[in-house]
Amino acid sequence: MSTANVLRYGVGALGLGLIGLGAWLVAVEPDSAGVLVWLAGALVLHDGILAPLVLVVGLLLVGRRGRSLLRGTLIIAGSVVLVALPLLVRPGEPPNPSALPLSYGRNLAIVLGAVAVVAATLHLVRRRRATGPRRRAPETTGRSRPGTAEATGRSRPGSAEATGRTRPAAAEGTNGPQRRTGEATQRPQRRTPEATGEDD
Amino acid sequence: MDGMTFRTPRPRRLALPALRPPAFTGRLHDARTATAVGRWLGAAFAVCFVTGLVSHYLQRPPGPLADRLPTRPVWGYALSQGLHVAAGLAAIVLLLVKLWAVYPRLFAWPPVRSVRHALERLSVALLVASAVFEVFTGLLNIVEWYPWPFAFVPVHFAVAWIATGSILLHIAVKAPEIREHWRRRSAGTRSLPAAAGPLTADDGPPAAADGSPASSGGPLPAEDEGDRRSLLLATGGAIGVVTLTTVGQSFTPLKAFDLLAPRHPDHGPQGLPVNRTATAAGVSARDLRQWRLDVGGPRPYVLTLDALRAMPQTRARLPIACVEGWSVDADWTGVPVRTLIERAGGRPGATAVRVTSLEADGAYRVTEMGAGYAGDPLTLLALTLNGQVLSLDHGFPARIVAPNRPGVLQTKWVHRLEVL
């Protein structure tokens, strides 16, 4: 067995050991059944509710212009909302005057507003750039590959992310997050839901 | 319509989609996204696990360790626990993006191919359940919300071992795939649809339409995988915004951006947040009227508050660092605990101290302070905070404040010290 394999099996065995230790620690808890219920609940909460919700939102974005920017904005806003949610929906009075002391609804609105303003600014900057003199004809190759598309749902030419890339790279370097790509240039929309799938 | 021709194809068409899992054609649900996000997620969980252990063993040191806990750096616990919560919040974002990337595998068809496959799926289920459980219970704990039937601390600790173990197991199982997709230009990455898709169209023949490693594609230009890049940048942006708007509760220089943290350095009596008020602890000003400090040991003695104030005072700037992640530095003055135990016949640096609070109940009413803390010249029985006499909520008339120590052990309303 090679060194890498020894390491691999070692890590796996260590993992199994730690799982065993954790399981034992759970088992000796007075309410270990409650823990199991909440563990299963965590699985259901994510796989059954949160993920499908995100995928549905993603489906709504398929084929839109500026999808990447919109997606990035939603990822950021969604994360902030998720982290702020317990502050907003926690029942009962705060445990003491210095705990949960801020006006969280207002603060969340401020943060989301700032995210929206940054996203809108980026969108405008990009649109201006896309309509500027440096516009190039995107993608001339087409590259339809018969026989692979229906099997894998891959490589449809003309998706938003493809056309967005025809702009010169240097112009994008300093803009910060989530503005990399995805501004559709003027191009007939050829996307179908199965082309870009449920990406959010 | 002819019933026969209508019916024959129909059952087949209806039955299959009903049984078949949903189709996922989004091109970023692949091993490269999983690897790129997964390694950051692994790092975040590693930070959480290590800092969690630090916190656990500082709070409940096993016997032989109790006297050897380090008291430096004084801000050690503030940093460690601040990182624990910050990494945990970042892990929420990373975990959701990671699970989004691999979500289609939940619907793998057939659901079970072999015993090995079944075990692998089981381990992934364990990983998802324990990881979501950990970030969820942690997130609720920092707002002090406990809707579950079990005790938070031991269960969060126990499930952390399961989560860490299943992450290690997952890394071991997936090692070849991780290696194949570690870099943007790794062979596996280049054979993915998202890497070999339209983005490379200008660069010659597509890499590996048949799934084999790209031999003809050559190194991809830096701009490749633009869509994935934008997803990863958005993930980073989300972590950045979440961190910026919460980390001010433990890193005071950023308090101006502390908009969504459960604590704020400016909110609390005498410029310091409180975790347990005097009312909550059942301590009233009336109970303190006859207050005396009772020091036990080979040469026991009793001190009035005036006598304590008349002793030489030491000044120290130390943080109160709470297990919920917030921490704030403060100026304290008081009498070093080592002076008090010396006078009672204890040997500073070699003897531990039992500290008793006036509070009516609570898991930390009576605590033991190891010899390392008790002997440290910065460990004080503090009488003032930020230049003022301690307020009732901060432990008037006297409280413990020690360097590099969890807030729950900085006992308030102290009325008895015993040299052990």
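1. What percentage of the contacts in chain A between residues at least 6 apart in sequence join residues at least 24 apart? In this predicted model, the figure for chain A is 68%. The chain itself has 200 residues, of which 32% count as buried, and its secondary structure consists of seven helices and zero strands, so that the order of elements from the N terminus on reads α-α-α-α-α-α-α.

2. Chain B is divided into domain 1, made up of 31-184 + 225-249, and domain 2, which covers 271-419. The C-alpha centres of domain 1 of chain B and domain 2 of chain B are 36 Å apart, and the contact between them draws 24 residues from domain 1 of chain B and 23 residues from domain 2 of chain B.

3. On the side of domain 1 of chain B that touches domain 2 of chain B, the elements giving two or more residues are α3, α4 (76-102) and α5 (115-142) of chain B. Of these, α4(B) gives the most, with seven residues. By class, this side of domain 1 of chain B holds 12 nonpolar, nine polar and three charged residues.

4. Within chain B, helix α3 (residues 31-59) packs with helix α9 (residues 226-246) at an angle of about 25°, and the two axes are 11 Å apart. Because an angle under 35 degrees counts as roughly parallel, α3(B) and α9(B) are assigned to that class; their crossing is right-handed. On the α3(B) side the contact is made by R32(B), T33(B), A36(B) and V37(B), and on the α9(B) side by R228(B), L231(B), L232(B) and T235(B). Sorted by class, the residues of this contact of α3(B) with α9(B) comprise four nonpolar, two polar and two charged.

5. Helix α9(B) also takes part in a contact with chain A, where its axis and that of helix α3 (residues 67-89) of chain A come within 9 Å and cross at roughly 30°. The helices α3(A) and α9(B) are therefore roughly parallel to each other, and their crossing is right-handed. From α3(A) the contact includes S68(A), R71(A), G72(A) and I75(A), together with I76(A), S79(A), V80(A) and V83(A); from α9(B) the contributors include D227(B), S230(B), L233(B), A234(B) and T235(B), as well as G237(B), A238(B), V241(B) and V242(B). The residues of the contact of α3(A) with α9(B) divide into nine nonpolar, six polar and two charged.

Methods. Residues numbered from 1 in each chain as written. Chains lettered and ligands numbered in written order. Predicted model: local features only at pLDDT ≥ 70, side-chain atom pairs only at ≥ 80, totals over all residues. Axes fitted to C-alpha atoms, helices over the stretch in contact; angles between N-to-C directions. Helix = DSSP H or I, 4+ residues; strand = E, 2+ residues; numbered from the N terminus. Parallel < 35°, antiparallel > 145°, perpendicular 65-115°, else oblique. Left-handed = near helix turned anticlockwise from the far one by under 90°. Contact = placed C-beta atoms within 7 Å. Nonpolar A, V, L, I, M, F, W, Y, C, P; charged D, E, K, R; others polar. Domains from an automatic or database assignment. Buried ≥ 20, exposed ≤ 12 C-beta atoms within 10 Å, placed from the backbone.
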